[in-house]
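Colleague: Please pick one part of this model and look at it closely. Then lead me on from there, in short steps.

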Amino acid sequence: SSGINAEYGVGIEQATALGEKFRDLKEEERKVDLIITSCMKRTLMTTEHVFGAVPPCPVIVSTLPIENGDGNCNYGTPLSEISAQFPGYDFSLVTEEEWWTTEESHEHLLERCQAFRDFLLARPEKRIAVVSHGRFLTVFTG
């Protein structure tokens, strides 16, 4: 629908503006050891717009920081298709072809947030950029 296309255009504009702000930072402020991104296509595209076609560090794709909700834009793209579109990213944590959920309880969302927190804390990298979604990050940062 035209509403989805309009949201898509706004998202690209926002990601492009964020990328410009990121590139305007001092070199030391731009140092990132790892990028973790949701496996939703829009976050993968945001990662590319912000960090460039060849990111400065490894990119791990995860189902943990996906959006919470059941809107049309919250259905995913099959793993075989999305991983082919972003071949330089590490999709090894995405273990199912159809990895998205259509409904999620608040309790499950809280469990997912805790699992993501545990995942981040267990990483050896110190400067990790997370590319995720508004509702997920609101609950995650609580």
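Modeller: In helix H2, residues 41-51, the buried residues are Thr 43, Leu 44, Met 45, Thr 47, Val 50 and Phe 51. Buried means under 20% relative accessible area; exposed means over 50%, and partly exposed is in between, with a 1.4 Å probe and protein chains only. Helices are DSSP runs of H or I with at least four residues, strands are runs of E with at least two, and both are numbered from the N terminus. Gly 52 follows H2, and its phi is positive, near 95 degrees.

A word on the basis. This is a predicted model, in which local features need pLDDT of at least 70, side-chain atom pairs count only at pLDDT 80 or more, and totals for chains, interfaces and linings use all residues. Residues are numbered from 1 along each chain as its sequence is written, and side-chain values use heavy atoms, without hydrogens or water.

Leaving out residues up to four places away in sequence, Phe 86 touches Leu 44, Met 45, Glu 48 and Phe 91. Contact here means heavy atoms within 4.5 Å. Leu 44 and Met 45 are among the buried residues of H2. Phe 86 has a relative accessible area of 6%, so it counts as buried. Lys 41 and Phe 86 are 45 residues apart in sequence, yet their C-alpha atoms are 9.5 Å apart.

The loop between helix H3 (79-85) and H4 also holds Thr 95. Thr 95 is exposed because its relative accessible area is 69%. From Thr 95 to Thr 63, the C-alpha distance is 9.1 Å, across 32 residues of sequence.

Next comes helix H4, residues 106-122, which packs against H5 at about 75 degrees, with the axes 9 Å apart. Axes are lines fitted to C-alpha atoms, for helices over the stretch in contact, and angles run from 0 to 180 degrees between N-to-C directions. H4 is therefore roughly perpendicular to H5. The classes are these: under 35 degrees is roughly parallel, over 145 roughly antiparallel, 65 to 115 roughly perpendicular, and the rest oblique. On the H4 side, the contact is made by Leu 109, Leu 110, Arg 112, Cys 113, Phe 116, Arg 117 and Leu 120; on the H5 side, by Phe 136, Val 139 and Phe 140. These residues divide into 8 nonpolar, no polar and 2 charged. Nonpolar covers Ala, Val, Leu, Ile, Met, Phe, Trp, Tyr, Cys and Pro; charged covers Asp, Glu, Lys and Arg; the others, Gly among them, are polar.

Val 139 sits in H5, residues 134-141. Beyond its neighbours within four places in sequence, Val 139 is in contact with Leu 109, Leu 110 and Cys 113. Leu 110 is 29 residues away in sequence and 7.4 Å away, C-alpha to C-alpha. Val 139 is partly exposed because its relative accessible area is 24%. Cys 113, at 3%, is therefore buried. Cys 57 is buried too, at 11%. A disulfide is a pair of cysteine sulfur atoms within 2.5 Å, and the count by this rule is 0.

Last, the whole chain. Its 5 helices and 3 strands run α-β-α-β-α-α-β-α from the N terminus. Of the 142 residues, 36% are buried. Among contacts between residues at least 6 apart in sequence, 76% join residues at least 24 apart.
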